Amino acid sequence: MDSSTRRSPRWPLAAAWSWTLTPLIALLGCGNPFDAKSCAPGAVAGVDEGCAPRPCGPGEIPLEAGVCQPAGLPPDMSCPPGQLALDGQCHPAGLPPEACGEGAEGHRRCAEILPATMCPEGKMAIPKERACREVASCGDGPWGEIPVETTTQFVDGAYEGDDSDGTATRPWTTIQRAIDEAQDGAIVAVATGSYTEDVVIRDKAVRLWGRCPGRVTIHGTGQRPAAVQVLRKVASRTEIRSLAVTGTGKGLSVGGARDVTIEQVWVHGSSELGVEVRGEPGSTSALLKGSLVEQNHDTGVLVQGSEATLEGTVIRATRPGAEGRGRGIEIESDPDTGTHANVSVRASVIEQNQDYGMFISGSDASIEDSVVRGTQPGADRTAGRGIEVQGWPGTGARASLTVHASVIEQNHEAGVFVSGADATIKASVVRNTEPGSDGMAGRGIEAQGRPETGERASLTVHASVVEQNQEVGVLVSGADATIEASVVRGTRPNSKDEFGRGLGIQYDRDTGPARATVRASVIEQNLEAGVFVAGAEAMIEDSVIRYTRPGSAGASGRGIEVRPESHERGSLIVRSCLLEQNHGEGVFVAGAEATIEASVVRDTQPGPDGMGGRGINAQSVPGTGERADVTVRASLIERNHELGVYVSGSDATLEASVVRDTRPRPDGRGGAGIGVRGEPRADGRSSVTVRDCLVERNHESGVLVSGSSATIEGSVVRGTRPSRDGTGGRGISAQDELGTGERASVTVRDCLIEENHEAGVFAIASDATLEATVVRATRTRDDHKFGDGIVVEEGGTATLLDTTITGNDGAGVANFASTVSFFDATLTCNAVPLHGERIANVPASFHRSGRWLCSRRGAEDCTETDEHCRVTSFGVEPPPRIAEPPSPGEPLPPLPLPSSE
């Protein structure tokens, strides 16, 4: 209807109302002209059957007497999202400045201080050293800086005399002879030379000390298992210092002796493993310090069922052995007893090995202030992982790993891989993991169940940075994880342009759903999904998820996605979080359960096709029809695109929340605050409750319900703006589903619908019930048409109970071939009270039970009313339906799971 034919002055109070400052009881009085039992919107029943202001306005929740908290982030948060409260201060997620380790610098990035390239053969650098150096200095004289004691036995292979007695003037010519002649605890001092022999220390402890690794080499012959062996308990406290070991067979082996020190030793080029520490439970322990272990075969350092400490040591460039592997460090249980090994690695570098940088099986290991980098795939072109920790395959013995203040970078397949074991990563960086030989994987941290035993993994990541990895930053599958005060960012796709997700939390067929808690963290600049939950449980608190971009193939860019997997429903709790500048959807829930509390979802951007940009999307799973169930409480959903909140074939409750400023798509359409849609199947109707919410300044429709059911209570829907073409701008729209003809059903109770455009409440071929509600100040479109309080058309119905319709630019109620029933209503200061049009011989029906009051015709005071509510007809066309929201999007697939070793 052209408003120029039925325009009246705007109601002078329409623009001055505020829910909390000027409750409606101040405008309408407590109650209504019919002494109804209910109170007006903005008021609740009092103890004396009077009315009192609501304790909090829409979009607010009561905290305590007289205190209301606006929707969004709680004002009493000790720290903003993405920061952790510690010692009374807020610390940004990521690395604390002091926690990068001795060999690193750069706040929250830990750029390690190491030479730009790997050192040449025979030289080394550990964290904190900028230049390559010798393993040890040579000093002056034949024996350099070796201490001289009265019991010292001297060795010089160049001595030509036949009268050797172990003195400096008549030294032994072989190391073994000196050891055999030495007293327990004596020094065996070795001068420059290459000694081709197999050395065994087994009936005493000695201090085997060379001039320097660059000038003293023990070259094993292969006739014994290792070039140097330390055996038996009586050899405990043996020391091996400042020499090189190489040869056929193993380099250096410790078995059955405790407290063996290997310091400033260069173990290189052995045809088998470099250093071995193994023995009966409790019988073997060793310290490997300041040493270089390089270019050995199969394994650089093997610790089996024993204890070892590696400090200031470099293990690098291990070559494939007979089994095709070239691991840096292998730590495993005793194969006969299953007894754990226990290893500490400090201030060390493990680099350019093959298969695994560190491999821990059924044992315990810690790594601190160290770097694990550049691990390459094995001879079979698989693995290349930085660190792997797993349960012992034979017995299922559990393993554990602690990583602190370390850098894990430029490895392949996975930076850290946890299978049926426990891992804690603190104040560390896991970055730039490369794909495997097939171009796939390249994940930062992975934790999964152990298929053979069904053991779940347990992972804790604290104050760490996981960045620039491939496929997924952190993957938790059938495992338990806590990620706290950490940053996961910049994940890249694989060679097929797939994935690139920040966190993956998903179901595993052997160990069931993953369970993960993410707290005070930042998940940013990832692809496809910031957090992806499939058939698993996730709780995300006090965190920031932002800048997720569409994948290279154009897939999504969602902040969070939760979906079912293998008949397991996903479950998500988001509390006190900020989600912003994601793409497609801020939160996407398909066939799963989600609760979003005291959070902000804003500025979600459309996808590459210009569609989407929704704040929260809850839908059933295409194909299976499994419904989503979502609760949004005390949250702020703002400045998203296309739809603030969308529910399709699912169930949702919105409480004490604000949905505002939703923007149209680039094509100028959409922009509704809340969209509710059914799906074409037997249980396809959505069911939504909106309670104590504020829905404002959206586009086309504040609330749009198609072929579904909605209840809106104690809420305000206002200021809806027209589309770019000047049409729409309705407060609440209820319409049938075009594909199925399913009618919508909307109940609006104790609400305020104001300052919208075209129609305050619109029902087409659907049913609307308004109770104790005010619909007012609806504006015309840009073409000066409509502006009606309530519009009903195409066989729709509207039932009005205790409802006030006032100050609208057009009709109070416009009825186009539909049915409107009044059970006590007041229509004041509208251009006309009632407008009715017959369409295709179907009349507009008005039914009254109880009283209705309308402004008296010609009365200057709009509050002067009587019961003579007249129906006026203008012969105009009804407003069109609003285009239904686009079909729901497809859930992303779960990440494929690699096998453990």
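This is a predicted model: local features need pLDDT of at least 70, side-chain atom pairs count only at pLDDT 80 or more; totals for chains, interfaces and linings use all residues.
Q: Which strand is joined to β68 by 4 bridges, and which strand pairs with β68 over 5 bridges?

A: Two strands are taken to pair if DSSP finds at least two bridges between them. Strand β65 (residues 672-677) runs parallel to β68 and is joined to it by 4 bridges, with Ile674 standing opposite Val703 in β68. Strand β71 (residues 730-735) also pairs with β68 in the parallel sense, over 5 bridges, and Ala734 in β71 is the bridge partner of Val705.

Q: How do the side chains of a regular strand alternate?

A: In a regular strand, side chains alternate between the two faces of the sheet.

Q: Which strands pair with β57 (residues 593-597)?

A: β54 and β57 pair in the parallel sense over 5 bridges, and Arg575 has Glu597 as its bridge partner in β57. Strand β60 (residues 629-633) runs parallel to β57 and is joined to it by 5 bridges, with Asp629 in β60 as the bridge partner of Glu593.

Q: Where is Ser576 found, and where is Ala772 found?

A: Ser576 is in the loop between β54 (571-575) and β55 (578-580), and has a positive phi of about 55° although it is not a glycine. Ser576 is buried, with a relative accessible area of 7%. Ala772 is in the loop between β75 (767-771) and β76 (774-776); Ala772, although not a glycine, has a positive phi of about 50°, and with a relative accessible area of 5% it is buried.

Q: Why does Thr797 count as partly exposed, and which residues does Thr797 touch?

A: Thr797, in strand β78 (residues 797-806), counts as partly exposed because its relative accessibility is 26%. Contact means heavy atoms within 4.5 Å. Not counting residues up to four places away in sequence, Thr797 touches Arg743, Ala763, Ser766, Asp767, Ala768, Val792 and Thr819.

Q: How many helices and strands does the protein chain have, and why is the chain described as spread out?

A: The protein chain has 2 helices and 85 strands. The radius of gyration, taken over C-alpha atoms, is set against a globule rule of 2.2 Å times the number of residues to the power 0.38. For this chain the radius is 38 Å, well over the 29 Å that the rule gives for 901 residues, so the chain is more spread out than a compact globule. Along its principal axes the C-alpha trace spans about 135 × 50 × 40 Å, and 62% of the 901 residues count as buried.

Note on methods
Residues are numbered from 1 along each chain as its sequence is written. Side-chain values use heavy atoms; hydrogens and water are left out. Buried means under 20% relative accessible area, exposed over 50%, partly exposed in between (1.4 Å probe, protein chains only).
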